[in-house]
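User: I'd like to learn how to read a protein model feature by feature. Could you walk me through one?

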Amino acid sequence: MTTTYSPFSIKFHAINDLVALTFLLVSPWLLGYSEYTNATKFAVALFFIGMGLNVVTDYPLGILKKVPFKWHRIVEFTSPPLFIGIPWYFFRDAGAMPWVASAVGVGAFMNALLTRPTS
C-alpha cells in the first residue's frame with residue numbers, strides 16, 4: 001500500500017477555509033472596493049456560500065456534519081472558475097476585487113490539493 005504525503009491536516013484545512021473566507025468578507029472595506037456595490041455583494045455572497053459549505057461539512061469546524069469531507073474537497077477543486085472567471089468578466093474595473101477573488105479561488109484549490117484525504 002502506497003501512501004502519499006500531503007502537508008495539510010483536515011483541521012489545518014478547516015482553519016485555512018475560515019481565514020480565506022473571512023478575508024474575502026472584509027476585503028471590500030479593507031482594500032477599498034466597497035463603493036462597487038455589485039462586486040461587494042458578490043464577495044459577500046461567496047463568503048456565505050463558502051461558510052455554508054463549511055458549516056455542513058463533516059470536519060473539525062463543521063457544525064451540522066452532513067456533507068462528507070470528500071465532497072467538500074470536490075467542491076473546492078471545481079469552484080475556482082466561479083471565484084476567478086466571474087469577477088474578471090463582470091467586476092474587472094472594481095479595484096482589487098478580481099485579484100482577491102482569484103487569490104481565494106486558487107487558495108481553495110491548493111488547500112484541497114494539499115490536504116490529506118480521509119479514509
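Analyst: Happy to; we will go from the overall fold to single residues, and please keep in mind that this is a predicted model.

User: Let's start with the fold. How many helices and strands are in the chain?

Analyst: The chain has five helices and zero strands. Read from the N terminus, the elements run α-α-α-α-α.

User: What does the radius of gyration say about the chain?

Analyst: The idea is to set the value beside that of a compact globule with the same number of residues. For 119 residues such a globule would come out near 14 Å, and the chain has 15 Å, so the two agree. Along the principal axes, the C-alpha trace spans about 50 × 30 × 20 Å. Of the contacts with a separation of 6 or more, 59% are between residues 24 or more positions apart. The accessible surface comes to about 7100 Å², and carbon and sulfur atoms account for 71% of that.

User: Now the interior. What share of the residues in the chain is buried?

Analyst: Buried residues are 36% of the 119. The largest nonpolar core has 15 residues, and L24, Y33, A39, F91 and M97 have the most contacts inside it. Helix 1, helix 2 and helix 5 each give two or more residues to this core, with helix 2 providing the largest share, five residues.

User: Which residues does Y33 touch?

Analyst: Leaving out residues up to four places away in sequence, its contacts include L24, P28, A39, A43, M97 and V100.

User: How should I read a helix that has a buried side? Which residues of helix 3 are buried?

Analyst: The general idea first: an α-helix has 3.6 residues a turn, so residues three or four places apart point the same way. In helix 3, residues 69-78, the buried ones are F69, H72, R73 and E76. Seen down the axis of helix 3, these buried residues fall within an arc of 95 degrees, so they line one face. On the face turned away from that buried side sit the exposed residues K70 and T78. The cover over the buried residues of helix 3 includes helix 1, helix 2, helix 4 (80-90) and helix 5 (97-113).

User: Last one, aromatic pairs. How many does the structure hold?

Analyst: A pair of aromatic rings is described by the distance of the centres and the angle of the planes. The structure holds eight aromatic pairs. In one of them, F42 and F91 are tilted, 5.5 Å centre to centre with 45 degrees between the planes. This pair links distant parts of the chain, with F42 in helix 2 and F91 in the loop between helix 4 and helix 5, 49 residues apart. F42 is buried at a relative accessible area of 15%, and F91 is buried at 13%. Together with Y89 and F90, F42 and F91 form one aromatic cluster.

Definitions and conventions: Residues numbered from 1 in each chain as written. Predicted model: local features only at pLDDT ≥ 70, side-chain atom pairs only at ≥ 80, totals over all residues. Heavy atoms only, no water. Buried < 20%, exposed > 50% of the residue type's maximum accessible area, 1.4 Å probe, protein only. Helix = DSSP H or I, 4+ residues; strand = E, 2+ residues; numbered from the N terminus. Arc of directions from axis to C-beta. Contact = heavy atoms within 4.5 Å. Phe/Tyr/Trp six-rings, centres within 6.5 Å; stacked < 30°, edge-to-face > 60°. Rg over C-alpha atoms; globule rule 2.2 N^0.38 Å. Areas by Shrake-Rupley, 256 points an atom, 1.4 Å probe, with all protein chains shown as cover. Core = buried A, V, L, I, M, F, W, Y, C linked by side-chain atoms within 4.5 Å.
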